[in-house]
Amino acid sequence: MGMLSRKATCNSHGQDSSYFLGWEEYEKNPYDEIRNPNGIIQMGLAENQLCFDLVERWLEENPDGAGFKRDGKSIFKELALFQDYNGLPAFKKALAEFMSEIRDNKVTFDPDHIVLTAGATSANETLMFCLAEPGDAFLLPTPYYPGFDRDLKWRTGIEIVPIQCSSSNGFKITKPALLEAYQSAQNRNLKVKGVLVTNPSNPLGTTISTQELNLLLQFIASKNLHLISDEIYSGTVFQTPAFVSVMEILNQNYKHNDQIRKQVHIVYSLSKDLGLPGFRVGAVYSNDEVVVAAATKMSSFGLVSSQTQYLLSVMLSDETFRRKYIRENQMRLKKRQRMLVDGLEKAGIKCHKGNAGLFSWVDMRHLLGANTFEAEMELWSKIVFEVRLNVSPGQSCHCSEPGWFRVCFANMSEATLDLAMKRFKAFVVDSTTIKLNSTRIRSRNTNSTLNQLDTKRKSVAKWVFRLSVHDRTSESRDR
């Protein structure tokens, strides 16, 4: 071990989280309708598989893009040779337009302020390297994406300090919670460099309100901090309230405040909105030219291939496809989320009211044996190994309240989701029956014990009465 670095031998990657352990169990016994119908159904993976048919149809109708051709002529050699790490201008332009369209064109993005990265994981880590030193801290509202413990901390040495949010107000970000987190960091002698939020939230599946965004901007202005808004789910908003990007608030309230504008940064990706996580396309967007320059240099460690950029530049430059995809994706997500929520309700399980994302934040507190995280892990273990559904426990998302779980719905067929709902319902029925039987047994035992105590009390009363009569008689004789 002495021959290896501390980084290679440390255990700070977060791979031992129940979030990743659930994946490991799934991979040992994956559900397949034909080959393994009793396997574990993967409900812990936030993938969007609902619109592959639209992408595949476009590829069939536009063979030049996938064939690396321009005007019918091959450009394979051009794409295969070295490209500088600024990225293809045509792709950055198309990506900026796609980002604007998702936001109803209420904001525009300058392609020169986009830095391409190998996915949002790389984008978030790059910003950590640009904005903070090892040992500095970022504040994150809970619950938050479990992978942040790896993405933000492992190689950078950054610390995460939770902003504790509560179910009592729908897990909203509040000023007291922000101040408490900031003070907590100071008590630990940590220098706070910024706040990072996901909007829409992962794992809540909700958009951050305009009021909360204004609060965050006021907070970073008062403390001279950065704000990172991870908006990789911005195109998954399927019902009101509508998505509001932090860029929209900046343009409304801080249009001429260059300093605050430089302190706000956006992370984006095509993994969720376009359902292409395997393409590894992410981006940093910043109004700070120094951050853009530094992030561009760092991007050389995780570039997006020229072939991928070219294909997507052609696809996203197709306005007809772009609009149809955004609209259809939102409609299908709404239908699928409704299917999950209704199925869980039939099983007696309620969900936090969501309007975005590829998952629901599910309330199973009533199924806990006790109001503890140990009981949550016991329940999670039963769901994974007995019910054979891999879901993500709230503890892995740093939720402050036991009993919440993130459940994904867009990475499987309707038939598979329907089967998952049947498994959930059977589990709840069995759990309820066991609880009722346990309660009846305890009730019978209690009644038996009470009867025994009552008999003993009557015996004692008779004994006391006899003793009392005897004493009175003896006392009379003594006189």
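Buried residues are those under 20% relative accessible area, exposed residues are those over 50%, and partly exposed residues lie in between, with a 1.4 Å probe and protein chains only. At 59% relative accessibility, asparagine 224 therefore counts as exposed.

## Basis of the model

This is a predicted model, in which local features need pLDDT of at least 70 and side-chain atom pairs count only at pLDDT 80 or more, while totals for chains, interfaces and linings use all residues. Residues are numbered from 1 along each chain as its sequence is written, and side-chain values use heavy atoms, with hydrogens and water left out.

Helices (H or I, at least four residues) and strands (E, at least two) are DSSP runs, numbered from the N terminus. Contact means heavy atoms within 4.5 Å.

Asparagine 224 belongs to the loop between α10 and β8. Its phi is near 60°, a positive value in a residue other than glycine. Aspartate 104, in the loop between α6 (89–102) and β4 (114–117), likewise has a positive phi, near 55°. With a relative accessibility of 54%, aspartate 104 counts as exposed.

Two cis peptide bonds also occur in loops. One runs from threonine 142 to proline 143, with omega near -5°; proline 143 is placed in the loop between β5 (137–141) and α8 (148–151). Another runs from asparagine 199 to proline 200, with omega near 0°, and proline 200 lies in the loop between β7 and α10.

## The buried strand β8

Strand β8 (residues 226–230) has five of its five residues buried, so it is largely enclosed by the rest of the structure. In a regular strand the side chains alternate between the two faces of the sheet. In β8 both faces are covered: His226, Ile228 and Asp230 are buried on one side, and Leu227 and Ser229 on the other.

Two strands pair if DSSP finds at least two bridges between them. Strand β7 (residues 192–198) pairs with β8 in the parallel sense over five bridges. Within this pairing, leucine 196 has isoleucine 228 of β8 as its bridge partner.

Helix α7 (residues 119–131) has 13 residues and spans 19 Å from its first C-alpha to its last. That is close to the 18 Å expected at 1.5 Å a residue, where the expected span is 1.5 Å times one less than the number of residues. Because 10 of its 13 residues are buried, α7 is largely enclosed by the rest of the structure. The buried residues include Gly119, Ser122, Asn124, Glu125 and Leu131.

Threonine 126 is one of the residues of this helix, and with 6% relative accessibility it counts as buried. Leaving aside residues up to four places away in sequence, threonine 126 touches Thr117, Ala295 and Met298.

## Packing of α3 and α14

Helix α3 (residues 52–61) packs with helix α14 (residues 306–316) at an angle of about 95°, and their axes are 11 Å apart. Axes are lines fitted to C-alpha atoms, for helices over the stretch in contact, and angles run from 0 to 180 degrees between N-to-C directions. The two helices α3 and α14 are therefore roughly perpendicular, a term for angles of 65 to 115 degrees; under 35 counts as roughly parallel, over 145 as roughly antiparallel and the rest as oblique.

Val55, Trp58 and Leu59 of α3 make the contact with Leu311, Val314 and Met315 of α14. By class, this contact has six nonpolar, no polar and no charged residues. Here Ala, Val, Leu, Ile, Met, Phe, Trp, Tyr, Cys and Pro count as nonpolar, Asp, Glu, Lys and Arg as charged, and the others, Gly among them, as polar.

Four strands form an open sheet in the order β11-β12-β15-β14, with antiparallel pairing. Its edge strands, β11 (350–351) and β14 (392–393), each pair on one side only. Between β14 and strand β15 (residues 404–408) there are two bridges, and proline 393 has phenylalanine 405 of β15 as its bridge partner. Helix α16 (residues 373–385) packs on the sheet and touches β14 and β15, its direction making about 30° with that of β15.

Aspartate 342 lies in helix α15 (residues 319–346) and is partly exposed, with a relative accessible area of 31%. Aspartate 342 and methionine 421 are 79 residues apart in sequence, and their C-alpha atoms are 9.2 Å apart in space.
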